[in-house]
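Welcome! Have a look at the structure below, and then we can walk through it together.

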Amino acid sequence: MNLDSLMLIILIFFPVVAALWIAFSKNADNAYRTALIASLVLLLPALKLLDRFDFAKGDVPQFGYSISWIDSLGLNFSIGMDSISLLLILLSVLLGPIVVAASKSAITKDRRMYYAWLMVLQGAMVGVFAAQDLLLFYICFEFTLLPMFVLIRKFGSTNRVAASIKFFLYTFTGSMLTLAAMVYVVWFVAQPDQFGAWTLDIPTLTKYAWHMSISEQTWVLLGLLAGFAVKVPLFPFHTWLPLAHTEAPTAGSVILAAVLLKLGTYGIYRFAIPLAPEAFFAYAPHIAILSIIGIIYAGLICWVQTDIKKLVAYSSVSHLGFAVLGLAALNVTGFSGSILYMLSHGLSTGGLFLMIGFMYERYHTRDMNTVGGLASKMPIWATFMVFFAMASVGLPGLNGFPSEVLCLISAFQSDAAWTAAGEPGAWGSSLGPWFAVFAGTGMVIAAMYLLYMVGKICFGPLKEPEGHHDHETLPTDLNFREIMTLAPLALGCIYFGLQPTVLFDTVSDQVNATVRIVEQANGLESAEPRIMHDTPAVDDIYSNDNGHEGASHD
Amino acid sequence: MMTASLLNNLLAPLAMLAPGSSGSDEPASAHLAHMTEHVGTGPKWILLIVFLPLLGFVFNAIYAASGNKSKLPAWTTIALLAVAFLATLSMFLSYDGTPYTVHAFDWFNLHYGEKSFVANFSFYIDKLTILWMLFVTGLATLIALYASEYMSHDIGTGYCRFFSAFGLFVFSMSCLVMGDNMLMLYLGWEGVGLCSYLLIGYFYKKPSAVAAAKKAFIVNRIGDLGLALGIYLTFVHFGTVEYAALFSNETLHHYIDAAVAGDFSAIPSEAQWIAMLLMVGAFGKSAQFPLYVWLPDAMEGPTPVSALIHAATMVTAGVYLIARFYPLFLVSENALPIVAWIGTITALLAATIGMAQFDIKRIMAYSTVSQLGYMFAGLGLLSTTGAAFHVLTHAFFKALLFLACGAVMHGFAGQLDLRKLSGVSWMKGWGIVGITMLIGCMNLAGLPYITSGFYSKDMILAEAFVTPGYRLMGWVLVFTAIMTAYYTFRVFFRVFLGDQHAEPGEDFHGDDTNDFHPHAPGWAINTVLITLAACSMLAIALAWIDKSAYHGWVGSMVADSTASFHSPYAVSLAAAHGEGNPAAVAGPVGYGAPGKVLGMDPHGGMIVVSGLGAIFGVLVAAFFHGPKGWQGLFLGGRTQADKCRMDAIAKRAGPIPRWAENKWFVDEFYAMVFVTPLRVVSHIFHWIDKLLLDGLVNLFGFLPRVLAWIIRPSQSGVLQGYAVSMAGGLAVLLLVVIVIVLRAGGAA
């Protein structure tokens, strides 16, 4: 084990240690400070890993470490990270101090329990993205449920019990089927004519899994999607999300939106596509249609919400439709766009949930009919609100735009009949312009509901709930701590909006490798170059030109 | 199909000519190819033009956070914009005829296979860019000066916010105009949309302002969707979104040559769709039918905003878009005729509404929509020069008109109703406003020979009259011009002439004191008004400077750009007038000898018709709205502010004036046909989501819930215990599944 692998292990286990420390400490008053320090300390190994990461080999898992766990099952504790894991781990670790700091005044009871579970969640999230072993991935994947369940169940608002149970059972049930599918893949790869040995190593599995027949792949795909589609969530498996989001405490909502939903898209990208490339290719249009329905359907539902948190929750369903659309396009632009979308959605929607949390702390309501016009009372808050709403709308120059552009272009490109002549990396599945057109209406719908929200909550005459002055904290504008939690997210929005290329370059090798798997499995490499149309030859045009009676070049 | 047949008239013998190129044996795309062949690299100081306004934004934002109260934000903004204008001027003077790009930093660089998707933060300078930037930065500076006084009531509350957004707007507009790729244009396009949103909603406590801001953004977004799809399609089809690569793309050149030969079947339909999609974006931003409804409402914003954004600069972005991508529009069989007809319909429709409004700022708003319609008609008729010239003159005189109206609004506490104001010119200190308003009105009305508005409109109207098949459009536009003269002078006769009378409005700029003092404008407002009036008049010269070029100076600016395509008819006509380079018209002479108008050469006949029409419109306005005596040209009979001869006519006309005043109920129609059904659908979706989808989930969740009930006794208050039992359950379930699956696998 070298020092870099140790850093990665620290990222996973140090939060757990911190959680135990917090849980068993005598004084609950120190819980917040301990959690904040722990999560800030975690930034160091994360940044160290970023520094040490070899971007030239972004498609290879780095900092790998493997130790045999249960030999008889071939089970290893095997971690490592490639460029995509790197980005998502960085996002998770960066969010740590933000959500802890944002909880300071919101959580007043059972602080030890709260911060302990928050820390556990931190470790589990890093574990999911770092896992190079199928079962380790699955365990971490499931293990993220538990802390989130507690956070909602114990620290949520009025309807928290139902929300937590639905959240837990729905996602858990889905992922049982995912497990079954994974096990089938493992069994298949263990066959003598394949790898020939029992293995849970993800790269090895990926190497052989596409040899499965199309019907096997279809079943595997369905199984995998059962878990991941619920997690994303893809229409129509999204109904747990608005409830869970609405009831969760602010930190829970932020982590749920920013990271946990990404487990779904990450799972699709990491497992569903490489393990069942032919089936995914065949069903890509169906998946894309579901994602487009989600974009429009959830977007329109947002538009008629009065509960601001529910509005933002549904907007996640709508937004992540773009990410799934990019995945379903199965080409380089689509994958890059989708991965970028995972990160940028984390920043902007995470920011929106923080904003709502800060407002809720002050007014104890999420109803936009009782509170509104806050720009005149809290100008800094309103400025951030407009900013994150615009980032969410996909304003160019901010983070939402590059990813949205790429996801839509990828849908255009992925119809071979339209693509400029057989470009490797751009073929993708068979979506086409209409997919882009319908998904594109999401742009308009997003503007409709987000401006509706901003128009109600920030602008118009000031509206405050009756008797809110009775609470101890008088509504004042954001304090320094709150601004400091928002600032990194806002800076991230601007940075990714202006420098998306940094991210494209980071994930480029990984994405190209995945596209190659898809193309190889579907025989696209050997396919004839596809010409989209009969481009008129130069001579033809000139002969037409000269032959035309009305031509005027005499 | 009507459009198709009209189109054949327009395009079949279309020749693309550039002044100076003899155009005999060369294909039509030759000029474009020559021009984009060697795109150089420009000096870095060009970046100042873009980033100085952004610096203003940043400074004002920081200043706002510091909480100081002074006019400093205004002076900073003015100074930075003035430097940006000077930089633009030196860009113009140092331009040597070769387009060049200036790179700021990398933005999009995505590589796949051997291809790439590249769109950098860089700027593309050719004469079209320079033409636009000259008036954008120039007017922005002037209007910032105006606003320093106009907004002074808001020092300490919204002053910083206003000038922040102002700087951001100029930055975005510069990106839109100067960007060297379609994504930069889109960045600017959405950026100006955001600033427009923020500034329309400047008085954010007013629900109507918030609603108007929202409407503007959303209606524009519909257009933006078209623009975005057009950009994506361009990329997918041509493999690039960078101007230099796109316009030197050989496939595009072949398409153009095919289009000139009238052979549209040689152009794939995807390529033809690009223009149709881009056009939607232009209709949104430039407030064309059916997406024009946001612009009149946008008058909720402070008047300097209306003048700069909603009259002079932002709304001309659609014209710029079409001019910039003119080659893409040429290769689409239906695009240009649709643009021309949409423009004409908009011009007429907006004029009918404008005639019946009482709010002077709204009248100006509808006249903006209407004049933008002229520009689109010009674009569609292959007169990019006419459109660009009209953009320029309109920018001056419409900004002037808005600012003059703004001075009135400022002085009379937000009063905008022309029934409640009269004889403002004669009040103490209002003389300059009166005179400059008169100059603006004359230009908008297009009084013959003495106004720049006449010359720019003339180029467009002439184009319609000389193009076979478009005579009807020409007549509609002339008729609209008469209406324009009428409603423009209706405002002037009622508000600025006659007996002095003024009722203050309700807006005290947030002043709580109820005592109202009408106050005449100060030096800043007057200076700006005089400058703009002078510019409006001097713009006449632009048609005559640089006689060597076809259509004068503006023609020369458009000629060296991607918009340099002329219709053969106009060129042959120009030759007949002895204008332009005879070599340039060698090709198309002999084509479509245009018929006569009222027995005259079509251009000459058109001048007579439209010139007399404008005068007629003014006289009608004088008769119905003019005060008694010489001020009403001895035709008028108005003695009171709110009573005139039109009232009787309006009564006779039944409900029609009321319908026109209510904007033909287009907003209500949209609400009924689009918004309400969509809201209903959204509510239905919401219920489906709650009852059906979630209900199904709950149904499926029934069994696990039973399980949960069984486990419940172990939930003995200690939550960790509950969690641990969950984890235990998880492990057990995992094990069960593994065993089952392994058994199944083994059996298989």
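Q: Which residues of H14(A) and H18(A) meet each other?
A: This is a predicted model, where local features need pLDDT of at least 70, side-chain atom pairs count only at pLDDT 80 or more, and totals for chains, interfaces and linings use all residues. Residues are numbered from 1 along each chain as its sequence is written, while chains are lettered from A and ligands numbered from 1 in the order in which they are written. Contact requires C-beta atoms, placed from the backbone, to lie within 7 Å. From H14(A), Leu343(A), Ser344(A), Leu347(A), Ser348(A), Gly350(A), Gly351(A), Leu354(A) and Phe358(A) meet Glu482(A), Thr485(A), Leu486(A), Leu489(A), Ala490(A), Gly492(A), Cys493(A) and Phe496(A) of H18(A).

Q: How many nonpolar, polar and charged residues does the contact of H14(A) with H18(A) have?
A: Ala, Val, Leu, Ile, Met, Phe, Trp, Tyr, Cys and Pro count as nonpolar, Asp, Glu, Lys and Arg as charged, and the others, Gly among them, as polar. Sorted this way, the contact of H14(A) with H18(A) has 9 nonpolar, 6 polar and 1 charged residues.

Q: At what angle do helix H14 and helix H18 of chain A pack?
A: Helices (H or I, at least four residues) and strands (E, at least two) are DSSP runs, numbered from the N terminus. Axes are lines fitted to C-alpha atoms, for helices over the stretch in contact, and angles run from 0 to 180 degrees between N-to-C directions. Helix H14 (residues 332-363) of chain A and helix H18 (residues 480-498) of chain A have axes 9 Å apart, and their packing angle is about 155°.

Q: Why are H18(B) and H19(B) described as oblique to each other?
A: Angles under 35 degrees count as roughly parallel, over 145 as roughly antiparallel, 65 to 115 as roughly perpendicular and the rest as oblique. Helix H18 (residues 384-411) and helix H19 (residues 431-445) of chain B pack at about 140°. H18(B) and H19(B) are therefore oblique.

Q: What is the order of the open sheet of 3 strands in chain B?
A: Strands pair if DSSP finds at least two bridges between them. E1(B) and strand E2 (residues 100-112) of chain B are parallel, with 2 bridges, whereas E2(B) and E3(B) run antiparallel with 10 bridges. The pairing is mixed, and the order is E1-E2-E3.

Q: Which residue stands opposite Thr101(B) in E3(B)?
A: In E2(B), Thr101(B) stands opposite Thr41(B). Its opposite residue in E3(B) is Tyr124(B).

Q: Where is Pro233(A) placed?
A: Most residues other than glycine have a negative phi, and most peptide bonds are trans. The bond joining Val232(A) and Pro233(A) is cis, with omega about -5°. Pro233(A) lies in the loop between helix H9 (214-231) and helix H10 (240-247) of chain A.

Q: What is the phi of His364(A)?
A: His364(A) belongs to the loop between H14 and helix H15 (379-393) of chain A. Though not a glycine, His364(A) has a positive phi of about 55°.

Q: In which helix of chain A is confidence lowest?
A: pLDDT is the predictor's confidence in each residue, from 0 to 100. Chain A averages 84, but residues 526-554 of chain A stay under 50. Where pLDDT is low, the predicted coordinates should not be read in detail. Confidence in chain A is lowest, at a mean of 39, in helix H20 (residues 538-547).

Notes:
Contact = placed C-beta atoms within 7 Å.
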